[in-house]
Amino acid sequence: MPMNRRILLNEIPQGKLTEAHFATDEVTVLKPGDGEVLIQTLLLSQDAANRAWMQGATYRSALSSGQVMSSGGLGRVVESNDARFAAGDIVAGDLGWQEYAVLPGNEVAAQHPHQGPLSHGLSLLGVAGLTAYHGLINVPGIHAGEVLLVSAAGGSVGSLVGQIGKIKGATVIGVAGGPEKCQWVVDTLGFDACLDYKDTQSPLRDQLKAAAPEGIDVYFDNTGGEILQTALFAMKLNGRVSCCGAVSMYDGKPLPGPYGIPGLLVTKRLTMKGFLVSDYRHLDQDAFHDLSMWARSGDLMVVEDIIEGLDNAPRGLMGLLAGENRGKRMIRVASE
Ligand SMILES: NC(=O)c1ccc[n+]([C@@H]2O[C@H](COP(=O)([O-])OP(=O)(O)OC[C@H]3O[C@@H](n4cnc5c(N)ncnc54)[C@H](OP(=O)(O)O)[C@@H]3O)[C@@H](O)[C@H]2O)c1
């Protein structure tokens, strides 16, 4: 009987996430029941949201202690009792941090067919790419000549948002942690500028004033917190804010704020709109088309940060929350 190595969320963190919040075990691989599919995990997505799920119910139910750590991923069907899937199919689903998952067929999605590497199913054509695309194109929209500000600019969503902004003819300013990452965002991703929110000598509001003296048209907010607050003060009249997530508030106790709401929204006539990537499922085909085309033409660089081995998943997630990743972080559990 093959064994299934799993990483469990042993305890819900109250402060910062540590390795002590996880435990590893091995159990026998389950047989799929009626309508179920047995999947071998190949690649797991590492997302800032993995940490947010530990805080309580959001757009999905909260995680609980003792369960296999949840995570989206790609895997290969080993055995299927659902007519829609057959052994050998590559599928996506909430596979969790484990080598094998048994899921109901209606919680499994066939992989969007594409020519690139399998990993593109989690980066360019996965949640990261779709979030960047819909959260920019279909939420605030972006026009040539506008100034776009993007936080978590070196991460999986932010790195794509800024590049899409450039493709659309905007001036793109990133916000990221540390001088090396900021340099990389400019030199490698092609942003016009990148501001270091960790710089203790130069406050972000001063850096922003220098980089965008006329102000910001569109802010793509991945962080919430102080960066959002600083951005609100720098918005132009009628500026638009796309609220994608709040990674500065996921790992540990969030600071109060941001201040300036609703005052700044009123005086500057700002629009702030939150979204979930799934809201735009009806437009996913447009996103697949454009993202694939831009990647093929070389206008869009897909940056992937793949860590080998399931056992490195806790360290990988902690590292992502600490800003260690560049582009889309994933865990390779088994090779194709
Ligand atoms: N709305 C949706 O449907 C949807 C879907 C997917 C993702 N999201 C959101 O997209 C955002 C990015 O998530 P991701 O999974 O792609 O992660 P990611 O951007 O690849 O990685 C997270 C990044 O956040 C930055 N960060 C961490 N703590 C921070 C802090 N206190 N202040 C500022 N930056 C901080 C780090 O970069 P630095 O080195 O720059 O600090 C880190 O690399 C998250 O807010 C997530 O919730 C939303």
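## The ligand shell

The shell around the ligand is made up of 17 nonpolar, 12 polar and 3 charged residues (Ala, Val, Leu, Ile, Met, Phe, Trp, Tyr, Cys and Pro count as nonpolar, Asp, Glu, Lys and Arg as charged, and the others, Gly among them, as polar). The model is a predicted one, in which local features need pLDDT of at least 70 and side-chain atom pairs count only at pLDDT 80 or more, while totals for chains, interfaces and linings use all residues. Residues are numbered from 1 along each chain as its sequence is written.

In total, 32 residues surround the ligand, and the closest are Gly-155, Gly-177, Gly-245, Ser-248 and Gly-323 (a residue is near a molecule if its C-beta atom, placed from the backbone, lies within 6 Å of it). Two or more residues of this shell come from each of α1 (48-52), α2 (127-138), α3 (156-167) and α9 (313-321).

## The two domains

The protein is divided into domain 1 (3-123 + 303-332) and domain 2 (127-278), with bounds from an automatic or database domain assignment. Each of the two domains gives at least three residues to the ligand shell.

Their contact takes 20 residues from domain 1 and 15 residues from domain 2 (two residues are in contact if their C-beta atoms, placed from the backbone, lie within 7 Å). On the side of domain 1 that touches domain 2, α1 and β15 (328-332) each supply at least two residues, and the largest share, 4 residues, comes from α1.

## The overall fold

The protein has 9 helices and 15 strands (DSSP runs numbered from the N terminus: helices are H or I, at least four residues, and strands are E, at least two).
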